[in-house]
Amino acid sequence: MRTSAITMHTTALGANYAVNEQDFHWVVCHEFEKRGWQVEDDYLGNPMRHDEKYLLINQGFAGKQRLMPFFNRQNNDDLILAIQTAGVVRGRNGFRKDKGGEKLDETEENLLEHRTDGTDAFDTLYIGTEKFPYRKIFPVSASGVL
């Protein structure tokens with residue numbers, strides 16, 4: 001059985017406006033378990049400030065953090081488009097991601113997967129793996145075949 005460490009912020013607990021009667025935390029864990037993964041979720045607490053998150057992730061893309069994110073273009077068209085088109089707004093605490101369209105009805109021109117929800121999921125994944133690395137040791141075959 002494969003193991004997945006899931007990281008969640010408070011924003012994933014109790015929120016469900018785009019999915020169903022379950023919160024995002026349940027949906028993510030359920031989808032992994034449905035596919036045969038054993039889930040070990042990790043609570044990250046309150047979300048990181050936008051300026052800190054921006055700096056951390058951009059340093060990661062520049063190779064200046066412990067982990068450098070890469071995208072499989074064939075499997076992540078929607079995420080790549082969502083990241084490329086995510087807007088920025090200036091608020092009382094500085095700049096932040098424009099999430100104004102997250103709760104609008106889905107249309108053919110405004111698909112859920114192209115909104116900032118997906119980019120937030122990527123942000124949380126990167127922050128979780130960078131700040132809270134998974135430390136369990138698994139035996140690996142010397143042949144390199146699992």
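Leaving aside neighbours within four places in sequence, which residues is T119 in contact with?

1. **Contacts of T119.** This is a predicted model. In it, T119 touches L79, A82, I83 and K97, once its neighbours within four places in sequence are set aside. T119 itself lies in helix α4.

2. **Burial of T119.** The relative accessible area of T119 is 3%. The cut-off for buried is under 20%, so T119 counts as buried. Its side chain also reaches back to the backbone: the oxygen of T116 is at 2.8 Å.

3. **Other buried positions in α4.** Buried residues of α4 include T116, D120, F122, D123 and T124. Further along, Y126, I127, G128 and E130 are buried as well.

4. **Length check on α4.** The helix covers residues 116–131. Its 16 residues, at 1.5 Å a residue, should span 22 Å.

5. **Packing against α2.** Helix α4 packs with helix α2, residues 50–61. The angle is about 75°, and the axes are 11 Å apart. The range 65 to 115 degrees counts as roughly perpendicular, so α2 is roughly perpendicular to α4.

6. **Who makes the contact.** From α2 come K53, L56, I57, G60 and F61. From α4 come F122, D123, Y126, I127, E130 and K131. By class, the residues of this contact are 6 nonpolar, 1 polar and 4 charged. Several α4 members of the contact are also buried, among them F122, D123, Y126, I127 and E130.

Notes
Residues are numbered from 1 along each chain as its sequence is written. This is a predicted model: local features need pLDDT of at least 70, side-chain atom pairs count only at pLDDT 80 or more; totals for chains, interfaces and linings use all residues. Side-chain values use heavy atoms; hydrogens and water are left out. Axes are lines fitted to C-alpha atoms, for helices over the stretch in contact, and angles run from 0 to 180 degrees between N-to-C directions. Helices (H or I, at least four residues) and strands (E, at least two) are DSSP runs, numbered from the N terminus. Angles under 35 degrees count as roughly parallel, over 145 as roughly antiparallel, 65 to 115 as roughly perpendicular and the rest as oblique. Contact means heavy atoms within 4.5 Å. Ala, Val, Leu, Ile, Met, Phe, Trp, Tyr, Cys and Pro count as nonpolar, Asp, Glu, Lys and Arg as charged, and the others, Gly among them, as polar. Buried means under 20% relative accessible area, exposed over 50%, partly exposed in between (1.4 Å probe, protein chains only). A polar contact is a pair of N or O atoms within 3.5 Å; within protein, one must be able to donate a hydrogen and the other to accept it, and residues adjacent in sequence count only if both atoms are side-chain atoms. The expected span of a helix is 1.5 Å times one less than its number of residues.
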